[in-house]
Structures are given as C-alpha cells and as structure tokens.
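Dear colleague,

Please find below the structure that I am handing over to you, together with its sequence. My notes on what was found in it follow directly after.

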Amino acid sequence: MEGSTDQVAGAVFRALTRRGHDEVRRAVVETYAAADEGVVSDREYLSRTLFVELLDALDHYLDSEQQVNVLTAAVEGLVDRFATVVDATPVPICAVDAEGTVQLWNPAAERTFGRDRSSMLGRPFHTVWAEGTDTVTFESCFDRLRAGEGVDGVETRHRRPDGSLLDTRVWAAPLDDGRDRPAGATFVVLDVTERLGRRQQLSVLNRVLRHNVRNDVNVATGHLDRLAERLPDDDPSLRIVRERLDAILELSDTARRIERVADPERAETVRFDLVDVVTDCVDRLRRTDPEVDLWLSLPERAPVVGHELLPYAVENVFENAVEHNDANPSVSVDLVPPAADADRLVVRIADDGPGLPPVERQVLRTADETPLAHSTGLGLWLTNWIVRASSGRIDVHSDDDGTTVAIELPTA
C-alpha cells in the first residue's frame with residue numbers, strides 16, 4: 001500500500017485498535033490474505049481496494065456514531081503526526097492560504113527568519129521576502145502555485161528583522177481543496193547563506209592563489225633559465241628545481257579541478273564511452289612512457305555517466321600505475337561490461353609496481369585524512385571525489401606484487 005491512501009488506512013487501523021474494534025480489523029486482514037497473487041503484485045490497486053474494503057467493514061460492523069468516532073480519531077492521529085514532523089524538521093516550513101497569508105509557521109521558520117509564530121500567523125508571507133533583488137520574488141512563485149504548478153529549489157532571498165539578508169532556496173506546492181484554484185500553498189525554505197558565502201570565498205581564494213602561483217612560477221622559471229646558462233646541462237640542481245616548479249603548476253591545476261568537483265552548480269553528469277576514455281589514456285601513456293607494457297581487454301563500447309572530470313580521474317590512476325615503478329612497468333586494463341540486467345560496469349587497472357602505500361590506499365577507499373596519515377598529493381583525493389560525484393565507487397587491492405584499482409560506474 002502506497003501514498004496518502006496508505007497513510008489514511010494506517011490511521012484508521014490504529015484508531016480501531018485503540019477503540020477495541022478488533023472484528024473490523026480482522027475482517028479487512030482476512031480480505032488482504034485472500035487476495036490473489038496478481039492483485040497483491042499491483043500495489044496501487046491493492047491500496048485502493050483494501051481502503052474500500054476497510055470503509056465497507058466500518059459500515060458493516062459499526063453504527064454511525066462509532067464510525068464517526070473512529071474516523072475522527074484517525075484524522076486527529078494524522079494531524080498529530082503531521083504536526084510532530086513539521087515541528088521537528090530542521091528546515092522552515094510554512095503554509096499560506098489563497099491570499100498568501102501565513103497559516104502555519106514551524107519552529108525552524110522562527111529560528112531562521114527571526115520571527116516568532118504569533119507575529120507571523122495571519123500576516124502576508126511576502127513581508128519576509130527581500131524584494132528588489134535579482135532572485136525570484138514571492139509574487140512570481142505564488143503565480144506559479146496559483147496556476148497549479150510546483151516550485152522546485154528556486155533561488156530566493158529573505159530579510160530578517162535586523163535587515164540582514166538570507167540567501168535561500170525554496171520548494172513549494174499548491175494546496176488543493178477540489179476547487180478551480182488552489183486553496184493555498186506549502187513552502188519549504190533552505191537557508192544557504194553560509195554555504196554560498198563559503199563557496200564564494202573559496203572560489204575567490206582559489207582564483208587568487210592560482211593566479212599568484214602561476215605568475216611566481218613564471219618569474220622563477222625565467223630566473224632559472226638565466227642561471228642555467230652558467231651551469232652544466234646535467235647539473236642535478238637544475239633538474240630538481242624544474243621538477244619542483246612543474247609540480248607546483250600541476251598542484252595549481254589540480255586545485256582548479258577540485259573547485260569544479262566541489263561546485264554544486266556543476267554537478268550534472270555527462271555521458272562517456274569508457275572505452276574511448278581508457279583508449280585516450282593509453283595513447284597518452286604510450287607517448288610519455290613508451291617502455292610500459294600494456295595489456296588491454298576492452299569491449300567495443302562501454303557507455304557510462306559521470307562527472308565531467310571523469311577522464312581525469314581515470315588518467316590519474318594510469319599515472320599512478322607507472323609513477324613509482326623503477327623497473328619496466330606493466331599495466332593491464334580489464335573493462336568488464338555489465339550483465340544484461342545490471343546497470344553498473346567496472347574497469348580494473350592493475351600494475352606490477354611496488355604496491356600503493358597504505359596511506360594512499362586509505363585515500364582511495366575512504367578519503368579520510370588525519371594529521372598522522374596524510375596523502376602525498378591531491379591527485380588521488382581528486383580521483384576519489386570525481387568517482388563519488390559520478391555515483392561510482394573505488395576498490396583498491398595492493399601488495400608486493402602490485403596494485404589493482406577497480407572503478408565501478410553507472411551505465412548510460
């Protein structure tokens with residue numbers, strides 16, 4: 001049994017139990033037990049049918065006064081449960097009538113908007129909306145609700161009594177009482193002020209740091225080139241400094257990618273053919289490390305959905321497979337297509353290197369870093385975050401014979 005019918009039926013059953021009308025409950029349960037398998041498999045039909053049987057049983061076993069008492073108790077129970085949920089929820093919930101006047105104002109709304117229930121009941125809801133901003137207004141939301149449409153997570157602003165502004169997102173749905181136009185609406189408001197503030201601060205900080213880092217590296221590289229004219233080409237200090245400068249630039253690029261993964265506005269998934277992604281990674285690896293032995297087992301196609309940076313995550317696993325292997329590295333790639341009734345596939349990338357250090361394995365498995373156990377770079381962190389943002393998962397097996405990284409992803 002599903003939906004509101006299920007809720008009402010459950011409330012009636014509880015009312016029957018409290019009032020000792022066991023014969024009615026038994027009659028309905030027996031009807032349920034006698035239903036054939038085909039009916040039971042259709043849950044929506046079963047819900048409606050049993051609710052009708054419940055009402056018939058009330059009419060058959062109870063007189064009018066008893067029926068009224070049971071149904072009244074059921075409604076009161078539903079209202080009590082609804083009120084408990086509304087009061088306990090940590091986000092503001094309010095309901096307005098057809099004129100936009102507040103009829104319900106829960107404790108979370110009091111805390112968020114800084115206005116107590118007694119001061120808001122009977123007042124227009126638009127009084128707490130910040131008009132004249134570049135976000136959605138109350139009137140535009142309410143016009144959609146009057147037309148019977150819903151409001152799904154639109155950006156809004158509200159004003160507290162002290163004049164401060166709240167950045168918010170609003171969900172709303174019209175309240176239907178069977179008339180031509182909605183009788184009002186219910187609003188759920190999420191305060192995102194701190195989250196937007198942190199995102200803006202991190203974005204600005206990230207851009208400034210990347211700009212300064214790149215400029216400073218360019219200056220240092222210019223001076224290094226002039227120093228190189230006075231030193232032998234095989235001077236180890238030149239090589240070390242150039243490698244360090246390249247690593248700083250790569251760190252800056254990784255920070256930019258992390259910002260893209262962490263941005264909720266860019267959370268939409270993209271369709272990829274994982275065979276193409278793996279093939280591109282293999283081609284680059286052959287160009288940069290031609291001594292690597294590569295063994296591939298790939299299907300013709302492997303469509304998946306994932307974050308836009310998914311190719312970078314796969315490439316990073318390839319790079320780790322050869323980075324710490326001083327011998328001639330060997331890397332095998334096995335892409336397992338899903339079974340006919342499955343919606344996930346797995347790509348396994350295995351190497352014969354010295355094994356991934358325990359700290360790096362922990363990063364890929366849990367992304368849980370502590371001061372005593374921290375990863376040496378951001379690449380594996382970013383790989384983990386990208387796969388998670390793609391609704392995927394990573395499994396790592398590493399020992400003295402090498403490391404196998406398995407990435408599981410949803411199919412397209």
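Is R157 buried, partly exposed or exposed? With a relative accessible area of 24%, R157 is partly exposed, where buried means under 20% relative accessible area, exposed over 50%, and partly exposed in between (1.4 Å probe, protein chains only).

Before the details, a note on the basis of these values. The model is predicted, so local features need pLDDT of at least 70 and side-chain atom pairs count only at pLDDT 80 or more, while totals for chains, interfaces and linings use all residues. Residues are numbered from 1 along each chain as its sequence is written, and side-chain values use heavy atoms, with hydrogens and water left out.

The sheet

Helices (H or I, at least four residues) and strands (E, at least two) are DSSP runs, numbered from the N terminus. Two strands are taken to pair if DSSP finds at least two bridges between them. On that basis, 5 strands make up an open sheet with antiparallel pairing, in the order β2-β1-β5-β4-β3. Its edges are formed by β2 (102-105) and β3 (151-159), each of which pairs on one side only. From one strand to the next the twist averages 30°; the axes behind this value are lines fitted to C-alpha atoms, for helices over the stretch in contact, and angles run from 0 to 180 degrees between N-to-C directions.

Strand β4 (residues 165-175) takes part in two pairings described here. With β3, β4 pairs in the antiparallel sense over 8 bridges. In this pairing V154 has V170 of β4 as its bridge partner, and E155 has R169. The hairpin of β3 and β4 has 5 residues between the strands, and in it G163 adopts a positive phi near 95°. With strand β5 (residues 184-191), β4 again pairs in the antiparallel sense over 8 bridges, and T186 of β5 is the bridge partner of A173.

E149 is placed in the loop between α8 (138-146) and β3. Its relative accessible area of 42% makes E149 partly exposed. Although E149 and P174 are 25 residues apart along the chain, their C-alpha atoms are separated by 7.1 Å.

Salt bridges

A salt bridge is counted where a side-chain nitrogen of Lys or Arg lies within 4 Å of a carboxyl oxygen of Asp or Glu. By this rule there are 7 salt bridges.

Two of them involve residues of β3 and β4. E155 and R169, already named as bridge partners, also form a salt bridge, with their closest N and O atoms 3.6 Å apart. Because E155 lies in strand β3 and R169 in strand β4, this pair ties together parts that are 14 residues apart in sequence. Both residues are partly exposed: E155 at 41% relative accessibility and R169 with a relative accessible area of 23%. R157, the subject of the opening question, forms a salt bridge with D167, the closest N and O atoms being 2.8 Å apart. This pair links distant parts of the chain, with R157 in strand β3 and D167 in strand β4, 10 residues apart. Whereas R157 is partly exposed, D167 counts as buried at 18% relative accessibility.

Salt bridges that share partners also join E139, D143 and R146 into one network. Within it, the side chains of R146 and D143 meet at 2.9 Å, N to O. R146 and D143 are separated by about one helical turn because they are 3 residues apart in helix α8. R146 is partly exposed at 33% relative accessibility, as is D143 with a relative accessible area of 43%.

A polar atom of the D235 side chain lies 2.8 Å from the backbone nitrogen of S237.

Cysteines

A search of the whole structure for disulfides (pairs of cysteine sulfur atoms within 2.5 Å) finds 0. C94 is buried at 3% relative accessibility, and C281 is buried with a relative accessible area of 3%.

With kind regards

Technical notes. Polar contact = N/O pair within 3.5 Å; in protein donor to acceptor, adjacent residues only side chain to side chain.
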